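Subject: Structure handover

Hello,

Below is the structure for your set-up work.

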Amino acid sequence: MRKVIYPGTFDPVTYGHIDIVRRAVDLFDQVVVTVAINPTKQPLFTTEERVEMLKESLKDFDRVIIDSFDGLTVEHAKQVGAIGIIRGLRQISDFEFEFQMALMNRKLAGDITTIFLMPHERYTYLNSTVIRNLASLHADVSNFVPPNVHEALKKKFEKSWNKFFNAFIALVSLIIPK
Ligand code: ADP
């Protein structure tokens, strides 16, 4: 069985990521979409939330598994018996970082091949950071993320908006004498 892993932060998963999964499924027998736990990043969603969102978003794909890992990508690839690592290339700006990482991973594990896939042009400008920023400003991101992710984003930012609103009310009630 030709198995690959598709690692990423997926904070949150977008239609760009899903486009890459669809292409990978067409080429390989099994695709393990894996949430990388990066202690240096402060993600908006917890690892569990990101795994859940991926499971829901990718539930129609039979040959896709979702998991998470903490450590070296090549080690995880070996653990699950994958022959390669899928990465998405959106534009030239992705290239330098991806090229460096692919060569480093090849040095670490020569038998694991990095495979780059390009999404449909309509997703080349899409990334999770932009989605988080738009959602934090209450913009409609429903064209870029699946419905469950859209809902999760709305909830996240509703909460922080409510927190801000409650703090504001508390402050006002302290300032204005009764
Ligand atoms: P980002 O924060 O850059 O959106 P992730 O770490 O979640 O990214 O990305 C995981 C992989 O998916 C990377 O290889 C990244 O280049 C790729 N990717 C992210 N967004 C897209 C997109 N819109 N189209 C294609 N590939 C993408």
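From the N terminus on, the elements run β-α-β-α-β-α-β-α-β-α-α, which comes to 6 helices and 5 strands. Helices (H or I, at least four residues) and strands (E, at least two) are DSSP runs, numbered from the N terminus.

Before the details, two notes on the source. This is a predicted model, in which local features need pLDDT of at least 70 and side-chain atom pairs count only at pLDDT 80 or more, while totals for chains, interfaces and linings use all residues. Residues are numbered from 1 along each chain as its sequence is written, and side-chain values use heavy atoms, with hydrogens and water left out.

Overall dimensions

Taken along the principal axes, the C-alpha atoms of the chain fill a box of roughly 70 × 30 × 30 Å. Of the 178 residues in the chain, 40% are buried. Buried means under 20% relative accessible area, exposed means over 50%, and partly exposed lies in between (1.4 Å probe, protein chains only).

The ligand site

The ligand sits in the largest pocket. A pocket here is found on a 1 Å grid over the protein atoms alone, as an open set of points where a 1.4 Å probe fits, with protein on both sides within 12 Å along at least five of seven lines. A molecule sits in a pocket if more than half of its atoms lie within 2 Å of its grid points. The elements that give two or more residues to the shell around the ligand are β1 (3-8), α1 (15-27) and β4 (84-88).

There are 17 residues around the ligand, and the closest are Tyr6, Phe10, Gly88, Tyr123 and Leu126. A residue counts as near if one of its heavy atoms lies within 4 Å of the molecule. By type, the shell divides into 7 nonpolar, 7 polar and 3 charged residues.

- Gly88: a polar backbone atom is 2.7 Å from an oxygen atom of the ligand.
- His17: a polar side-chain atom lies 3.0 Å from an oxygen atom of the ligand.
- Ser128: a backbone N or O atom is 3.2 Å from an oxygen atom of the ligand.

On its own the ligand has 530 Å² of accessible area, and the protein covers 91% of it. These areas come from the Shrake-Rupley method with a 1.4 Å probe.

Phe10 is in the loop between β1 and α1. Phe10 has a positive phi of about 50 degrees although it is not a glycine, and its relative accessibility of 3% makes it buried. Pro12 is found in the loop between β1 and α1 as well. The peptide bond from Asp11 to Pro12 is cis, with omega near 5 degrees. The backbone oxygen of Pro12 lies 2.9 Å from a polar side-chain atom of Ser128. A polar contact is a pair of N or O atoms within 3.5 Å; within protein, one must be able to donate a hydrogen and the other to accept it, and residues adjacent in sequence count only if both atoms are side-chain atoms. Ser128 is in helix α5 and is buried, with a relative accessible area of 11%.

Elsewhere

His138, in the loop between α5 (128-136) and α6 (147-175), also has a positive phi, near 65 degrees.

Regards

Methods
On a 1 Å grid over the protein atoms alone, a cavity is a set of points where a 1.4 Å probe fits but cannot get out, and a pocket is an open set with protein on both sides within 12 Å along at least five of seven lines; lining residues have an atom within 4 Å of a point. Ala, Val, Leu, Ile, Met, Phe, Trp, Tyr, Cys and Pro count as nonpolar, Asp, Glu, Lys and Arg as charged, and the others, Gly among them, as polar.
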